[in-house]
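Here is a short briefing on charged pairs and backbone angles. Keep the sequence and the 3D view open as you read.

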Amino acid sequence: MNLPHLTPILFAKEVIKKEENSLHVECQFPYPPTLAMVLEAAAQSSSGFASDDIKEGFLVAANSLVLHKKTDKTKFVIEIEKEMQMDSMSMFSFKTEDIASGKFTIYVK
């Protein structure tokens, strides 16, 4: 993953499993994450689908976000599913064990 983020905002660390339309990405946070932090980690994780010629991606929308429970964990795996792609826009869903889930849209240049 090629991300322009720096610590403490760089949450996505490593793709541990990749299939055609799904990823499992190890993420780490400096402290127990909020729902917004988990969403950002999911958006960063979606870069695991990007080809080498894509230089920039932007989170443009999010919906159906749910924090199922608060956690003390600072390291866990986020599962990303690519649900749809139309030109430069892609819609994804994510879940993290039983902590959070939702959908988001990324625009890439």
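E26 is partly exposed, because its relative accessibility is 23%, and buried would mean under 20%. This is a predicted model. The structure holds seven salt bridges. Among them are E26 with K75, E56 with K109, and K103 with E83.

**The E26–K75 pair**

- E26 and K75 form a salt bridge, and their closest N and O atoms are 3.7 Å apart.
- E26 sits in strand β2, residues 22-28, while K75 sits in strand β4, residues 75-86.
- The two are 49 residues apart in sequence, so the pair ties together separate parts of the chain.
- K75 is partly exposed, with a relative accessible area of 44%.

**The E56–K109 pair**

- E56 forms a salt bridge with K109, with 3.6 Å between the closest N and O atoms.
- This pair links distant parts of the chain, 53 residues apart.
- E56 is in the loop between α1 (35-45) and β3 (57-67).
- K109 is in the segment after β6 (100-108).
- E56 counts as partly exposed, at 38% relative accessibility.
- K109 counts as exposed, because its relative accessibility is 57% and exposed means over 50%.

**The K103–E83 pair**

- K103 and E83 form a salt bridge, and the closest N and O atoms are 2.9 Å apart.
- K103 lies in strand β6 and E83 in strand β4.
- They are 20 residues apart in sequence, so this pair also ties parts of the chain together.
- K103 is partly exposed, with a relative accessible area of 26%.
- E83 is partly exposed as well, with a relative accessible area of 40%.

**Positive phi angles in loops**

- D87 is not a glycine, yet it has a positive phi of about 55 degrees.
- Where is D87 placed? Look in the loop between β4 and β5 (89-96).
- D87 counts as exposed, at 75% relative accessibility.
- E97 is another residue other than glycine with a positive phi, here near 45 degrees.
- E97 lies in the loop between β5 and β6.
- Is E97 exposed or partly exposed? E97 counts as partly exposed, at 42% relative accessibility.

Note on methods: Residues are numbered from 1 along each chain as its sequence is written. This is a predicted model: local features need pLDDT of at least 70, side-chain atom pairs count only at pLDDT 80 or more; totals for chains, interfaces and linings use all residues. Side-chain values use heavy atoms; hydrogens and water are left out. A salt bridge is a side-chain nitrogen of Lys or Arg within 4 Å of a carboxyl oxygen of Asp or Glu. Helices (H or I, at least four residues) and strands (E, at least two) are DSSP runs, numbered from the N terminus. Buried means under 20% relative accessible area, exposed over 50%, partly exposed in between (1.4 Å probe, protein chains only).
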